[in-house]
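Hi,

Here's the structure I promised to pass on.

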Amino acid sequence: MKLLSLSTSLFYLAIGLFSPAPHAQNQTQQTLKTGEQVYNHACVACHSTGVASAPKLGDKKAWAPLIAEGQDVLTAHAWVGVRAMPAQGGAPDLSMVEFARGVAWMASQSGGDWRAPDADMMKRIGHETKARLSIEIKAKQELLNKIDPN
């Protein structure tokens, strides 16, 4: 019974990540951070120094394979957490739009021709994020199922 309860909790946690909080619904474009502001707020610590192999801002060679993944894929994977990077870049206070702006700004400073995401791009990012989370939740559920209940 605990496994069912935990898997249900994981499901609702994943769904909750894509339901805007009441305060987020009232945000206007003016109150959202720009990509550069997001970088200075959350990304600079790792992406200015290369901590844990984070690609440094402006390093076109390091960013090239990431940029090649596409704006929706790279942003979604970064939002969920990838390699040594924690989910949401370790900044849970950022909205997905702000986070996406930060990724786009870093890519544009590092050889990519990316712009701040529009509504269509945000839909694509959301779709990819849900797909990535579904894979991770399934993998975690499989680990849960391997736990010996005794």
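Keep in mind that this is a predicted model. I'd start with helices H3 and H6, which are roughly perpendicular to each other, since their axes cross at roughly 70° and angles of 65 to 115 degrees count as roughly perpendicular. H3 covers residues 35–47 and H6 covers residues 96–108, and their axes come within 8 Å.

Who makes that contact? On the H3 side you'll find Gly 35, Glu 36, Val 38, Tyr 39, Cys 43 and His 47, and on the H6 side Glu 98, Arg 101, Gly 102, Trp 105 and Met 106. Sorted by class, the H3–H6 contact has 5 nonpolar, 3 polar and 3 charged residues.

In one of them, the rings of Tyr 39 and Trp 105 have their centres 5.3 Å apart and their planes at 45°, so the pair is tilted. Because Tyr 39 sits in H3 and Trp 105 in H6, the pair ties together parts that are 66 residues apart in sequence.

H6 also meets helix H7 (residues 119–145): here the axes come within 11 Å and cross at roughly 100°. That makes H6 roughly perpendicular to H7 as well. Met 96, Val 97 and Ala 100 of H6 make the contact with Met 122, Ile 125 and Thr 129 of H7. By class, the residues of the H6–H7 contact split into 5 nonpolar, 1 polar and no charged.

How much of it lies in the second largest pocket? About 460 Å³. The second largest pocket is lined by 26 residues, and the closest to its centre are His 47, Ala 54, Pro 55, Val 82 and Met 85. His 47 also belongs to the H3 side of the contact with H6.

The elements giving two or more residues to the lining of this pocket are H3, helix H4 (60–69), helix H5 (71–80) and H6. H3 provides the largest share, 5 residues. By class, the lining of the second largest pocket has 20 nonpolar, 5 polar and 1 charged residues.

Cheers

Conventions:
Residues numbered from 1 in each chain as written. Predicted model: local features only at pLDDT ≥ 70, side-chain atom pairs only at ≥ 80, totals over all residues. Heavy atoms only, no water. Axes fitted to C-alpha atoms, helices over the stretch in contact; angles between N-to-C directions. Helix = DSSP H or I, 4+ residues; strand = E, 2+ residues; numbered from the N terminus. Parallel < 35°, antiparallel > 145°, perpendicular 65-115°, else oblique. Contact = heavy atoms within 4.5 Å. Nonpolar A, V, L, I, M, F, W, Y, C, P; charged D, E, K, R; others polar. 1 Å grid on protein atoms, 1.4 Å probe; cavity = no way out; pocket = protein on both sides within 12 Å on 5 of 7 lines; lining within 4 Å. Points joined across faces, edges and corners; volume = space filled by probe spheres on them. Phe/Tyr/Trp six-rings, centres within 6.5 Å; stacked < 30°, edge-to-face > 60°.
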